[in-house]
Amino acid sequence: MTTRISTVKALLEAHGRPEREVYYDLENSPRVPEEVVKAMLPYFNVKGYGHPSITHRPGWEAVEIVESTREAVAGTINAEPENITFTPSGTAANNLALVGSCMETGKGKIVISAVEHESVIFPAIRTLGSLGYRVVQAPVDEDGLVDPEILASLVDKSTVLVSVQLVNHEIGTIQKVREIAEYAKDVNSRVLVHTDAADGWGWIPIDVERLGVDLLTLSGRKIQAPRGVGILWVRDGVKMRRIVEGPLSTQSLWPGVENTPIIAGLREAIKLAFEDMEGRAGRVAGLRDRLMEGILGQLDDVILNGPRGAMRSPDNLNISFLHVEGEALTIELSTKGIYVSSGSACTSRVLEPSHVMLAIGRKYEEAHGSILFKLTKYHTMEDVKYTIENVLSAVERLRKISAIRGGLVE
Amino acid sequence: MSRVPLVYTSKVLELFKNPKNLGKMDDASVSAQAGSPACGDVINIYLKVESRDGEEYIEKASFESYGCAANIAAASVVTELAKGLTLKDAWLKIGWKQVSDELGGLPPVKRHCSVLAVGALKRAIRKYYAEVKGYKPEWLPSDLTPDERQALEAEEMIDRLYRRFRNESEKDRPNNTA
């Protein structure tokens with residue numbers, strides 16, 4: 001560990017801090033806006049730092065922030081605050097949704113899509129699969145879209161749960177969750193339908209009644225709240241079991257003391273995200289389109305991953321740069337202050353490329369060269385111009401040295 | 001994606017930004033490749049060999065890389081080490097551990113990059129004797145060395161991995177129990 005600490009210190013020193021920094025890696029971690037940080041600060045040591053279930057002033061202040069945030073969350077999805085559970089992360093909320101509901105339904109078949117987040121795929125396959133549940137993955141088309149009819153064809157009398165995300169986290173595909181829920185329940189009315197809506201929150205309208213789902217996951221960090229709070233909405237009447245045990249406080253599905261500073265940050269992030277969601281989403285989409293056109297229009301051998309137009313989340317841009325490897329590109333761009341991530345195997349724990357890229361039919365070489373940008377209202381046209389310029393030069397440099405372009409391999 | 005911290009040394013970053021001996025060599029005596037595009041790691045090594053006093057010297061060495069920062073830095077180190085050595089010394093003295101040490105160490109999941117770089121060099125040396133000279137010197141073993149075997153194993157491992165993916169995607173997905 002000491003080696004790693006000294007190595008990373010030397011690496012950071014050699015890297016230096018670029019004059020201009022543009023952060024696009026909102027998929028992997030938020031950059032928390034100043035307003036949100038400010039809103040959090042009092043809750044560490046001025047107010048609301050108490051345990052919400054203890055009878056003293058800091059405790060009641062904690063109740064105020066926890067419950068008002070719960071109400072704010074509910075308001076964004078047309079739900080009641082009583083049905084909202086705070087969890088330590090979106091990953092925890094998805095685990096609770098799948099495992100907590102299936103423990104009550106009893107064994108059966110679980111239908112998910114091939115492009116779900118790992119926090120859905122892994123609890124389905126690893127946790128529930130090992131307990132005897134059968135997990136089936138619905139395929140997607142080249143845009144990453146699940147066909148509701150194909151999905152419904154996988155639902156049968158033994159099916160206990162369907163889980164399909166609202167927006168894909170890597171390629172921005174907006175799924176037809178309403179139809180999926182409707183068709184699945186037509187086949188088997190007892191089927192529970194869960195949607196991981198984390199990547200749609202703050203970008204497209206979400207209404208639990210309109211969607212017709214039973215369980216819905218959100219994640220604070222996807223609207224630039226700090227890391228550390230996820231949300232599960234559970235429809236009245238859906239039986240759930242806790243998957244983590246401990247002392248309960250304001251809520252019954254997740255134990256432990258509520259993290260009030262993070263929750264205060266979430267309340268502010270909701271205010272910022274929802275005061276003019278449509279206008280903001282439109283402006284961000286415009287900026288995203290400029291970035292997309294600037295890159296696709298000026299480089300050969302590039303592929304847009306995910307759909308164009310209204311089926312794509314406004315913040316998402318994912319492009320494969322052929323003949324270059326994505327990790328090298330992330331590092332090259334980092335030295336210019338442009339922070340992105342890649343679906344390349346080289347960045348993964350097990351040297352496997354992104355399952356989303358493979359599911360939409362990308363070849364391995366295409367997956368290795370994929371770069372994900374997520375934009376926010378804090379990005380500017382200057383940022384986008386600076387990014388286009390540097391992406392072009394980075395790709396040019398790496399292609400020039402590439403062993404699979406003009407070299408031995410034709 | 002499940003990820004792991006990839007903390008490179010400052011040396012890797014430096015060689016990634018300013019690699020030595022970069023580019024295709026038009027007058028190369030021999031060239032060889034290790035890795036595969038599917039695995040996201042390919043290194044081409046070019047050697048310019050000259051005979052002096054009955055010995056074969058590496059006059060120039062260069063590389064091309066399709067791969068991550070570790071891949072590029074490892075290829076830079078291998079070509080730098082090989083320059084000026086006889087083919088025999090290059091064969092006997094350059095190993096992946098030395099390359100990794102020159103880089104100040106590589107993250108465990110990136111060690112195969114140094115293996116691939118050395119594997120490409122050894123392939124080039126073997127190929128030089130097999131195809132240019134038409135004989136095998138005594139010091140050149142008939143069997144693959146551990147470096148070459150590891151390079152092959154790295155290629156095969158990734159190949160196996162991708163065959164598995166391919167098989168999975170070829171199955172009729174709707175009926176495929178994951």
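Two residues count as in contact when their C-beta atoms, placed from the backbone, lie within 7 Å. The model shown here is predicted, so local features need pLDDT of at least 70 and side-chain atom pairs count only at pLDDT 80 or more, while totals for chains, interfaces and linings use all residues. Residues are numbered from 1 along each chain as its sequence is written, with chains lettered from A and ligands numbered from 1 in the order in which they are written.

**View 1. Where chain B meets chain A.** Chain A brings 49 residues to the contact and chain B brings 40. H1(B) gives the most, with 5 residues. Sorted by class, this side has 21 nonpolar, 13 polar and 6 charged residues. Here Ala, Val, Leu, Ile, Met, Phe, Trp, Tyr, Cys and Pro are nonpolar, Asp, Glu, Lys and Arg are charged, and the others, Gly among them, are polar.

View 2. E1(B) and E2(B) run antiparallel over 7 bridges; strands pair if DSSP finds at least two bridges between them. Look for Gly35(B) opposite Val42(B). There are 4 residues between these strands, and Gly40(B) in this hairpin has a positive phi near 80°. E2(B) then joins E3(B), also antiparallel, through 11 bridges, with Glu50(B) facing Tyr57(B). This hairpin has 2 residues between the strands, and Asp53(B) takes a positive phi near 50°.

**View 3. Helix H2 of chain B.** In H2(B), 13 of 14 residues are buried, meaning that 20 or more other C-beta atoms, placed from the backbone, lie within 10 Å of the residue's own. Just past the helix, Gly84(B) has a positive phi of about 85°.

**View 4. The open sheet of chain A.** Seven strands line up as E2-E8-E7-E6-E5-E3-E4 in chain A, with mixed pairing. E2 (84-87) and E4 (134-138) are the edge strands, each pairing on one side only. Within the sheet, E7(A) (residues 215-219) and E8(A) (residues 230-234) pair antiparallel over 5 bridges, and Leu215(A) sits opposite Val234(A). Helix H6(A) (residues 118-130) packs on the sheet, touching E3 (109-113), E4, E5 (159-163) and E6 (192-196), and its direction makes about 160° with that of E3(A). Axes are lines fitted to C-alpha atoms, for helices over the stretch in contact, and angles run from 0 to 180 degrees between N-to-C directions.

Terms used: A residue is buried if 20 or more other C-beta atoms lie within 10 Å of its own, exposed if 12 or fewer, and partly exposed in between; C-beta atoms are placed from the backbone.
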